[in-house]
Amino acid sequence: MRKVAEITLGFWLAKVVATTLGEVAGDAIAQTLNLGYVAGLAITLGLLVAFLIAQVRADHYRPLLFWATIVGTTTAGTEIADLSTHTLGLGYNATSAILFSGMLLTLGVWYLRRGTCDVSGVVDRESELFFWVAVLFSNNLGTAFGDGLVYVFGLTYTTGSLVCMAVIAAVLLLHYVARVNAAVIFWAAFVFTRPFGADFGNLLTKDTIKGGLGLNTFATSLVCVLLLAGIVAFFERRQRRVDARRGAVA
């Protein structure tokens with residue numbers, strides 16, 4: 001029984017919205033409520049642990065639980081990256097390097113243990129634990145990388161998003177032209193959809209003086225929740241119809 005969503009167009013649309021939601025919700029807790037990154041991390045990690053326990057204990061893929069856990073990793077990832085770069089003063093480059101090393105280590109151990117890092121093989125508890133650790137590292141890395149594009153390289157939130165889109169397009173091109181391993185393509189795309197969604201979230205909610213639109217973080221988070229739920233419901237209903245037709249033919 002699979003424990004991960006089917007990797008379709010719907011998955012990637014939901015992933016982008018989930019990353020946007022994670023960025024905006026993380027900023028709402030730490031900045032709008034003025035709780036700070038330490039308190040924000042404590043809150044978001046608590047929620048993430050609760051979602052993870054429920055997700056790992058589930059006997060099969062449950063759409064709402066799975067995507068709630070993804071949002072939990074993106075929200076906690078926002079706080080972890082911000083805590084590292086701002087509160088601990090490690091900066092974007094050092095933070096990105098640490099997170100990238102952690103992600104490579106996780107994928108490497110996963111591969112040595114299971115012989116693959118392909119998400120289609122996430123059907124047992126050990127593989128699922130490796131999957132979620134890799135997801136958390138990748139979302140943290142994406143946050144630090146996306147912020148680095150803006151605050152280190154001086155890009156705007158719009159141009160930062162466009163850079164990430166270009167990287168994702170190049171990754172997909174490699175998949176079809178060079179036949180790069182599907183697992184490599186998946187994790188590369190997974191990482192770079194995070195800064196794309198994060199920069200888009202910053203574009204919506206940061207002050208106009210910083211290049212954003214100045215929208216309310218809580219209102220934007222609510223819109224993202226509704227949009228994510230709509231995308232997941234639409235594509236899950238569509239997948240069930242496809243599965244039903246396949247069953248009828250068989």
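**Close-up 1. The salt bridge of Asp 59 and Arg 62.** At 38% relative accessibility, Arg 62 counts as partly exposed, a class lying between buried (under 20% relative accessible area) and exposed (over 50%), with a 1.4 Å probe and protein chains only. Asp 59, at 52%, counts as exposed. The two side chains meet in a salt bridge with an N to O distance of 3.4 Å; the term denotes a side-chain nitrogen of Lys or Arg within 4 Å of a carboxyl oxygen of Asp or Glu. The structure holds 8 salt bridges.

The model shown is predicted, so that local features need pLDDT of at least 70 and side-chain atom pairs count only at pLDDT 80 or more, while totals for chains, interfaces and linings use all residues. Residues are numbered from 1 along each chain as its sequence is written, and side-chain values use heavy atoms, with hydrogens and water left out.

**Close-up 2. The salt bridge of Arg 2 and Glu 6.** The closest N and O atoms of Arg 2 and Glu 6 are 3.5 Å apart. Arg 2 has 31% relative accessibility and counts as partly exposed. Glu 6 is likewise classed as partly exposed, at 37%.

**Close-up 3. The salt bridge of Arg 114 and Glu 126.** In this pair the closest N and O atoms lie 2.7 Å apart. The bridge links distant parts of the chain, 12 residues apart: Arg 114 belongs to helix α4 (residues 91-114) and Glu 126 to helix α5 (residues 125-151). Helices are DSSP runs (H or I, at least four residues), numbered from the N terminus. Arg 114 is partly exposed at 36% relative accessibility, and Glu 126 is partly exposed at 24%. Through salt bridges that share partners, Arg 113, Arg 114, Asp 124 and Glu 126 are joined into one network.

**Close-up 4. The packing of helices α3 and α5.** Helix α3 (residues 63-87) packs against α5 at an angle of about 45°, with the axes 8 Å apart; axes are lines fitted to C-alpha atoms over the stretch in contact, and angles run from 0 to 180 degrees between N-to-C directions.

**Close-up 5. Residues in the contact of α3 with α5.** Residues of α3 including Phe 66, Ile 70 and Ile 80 take part in the contact, as do residues of α5 including Phe 131, Trp 132 and Leu 136. Contact here means heavy atoms within 4.5 Å.

Terms used:
Helices (H or I, at least four residues) and strands (E, at least two) are DSSP runs, numbered from the N terminus.
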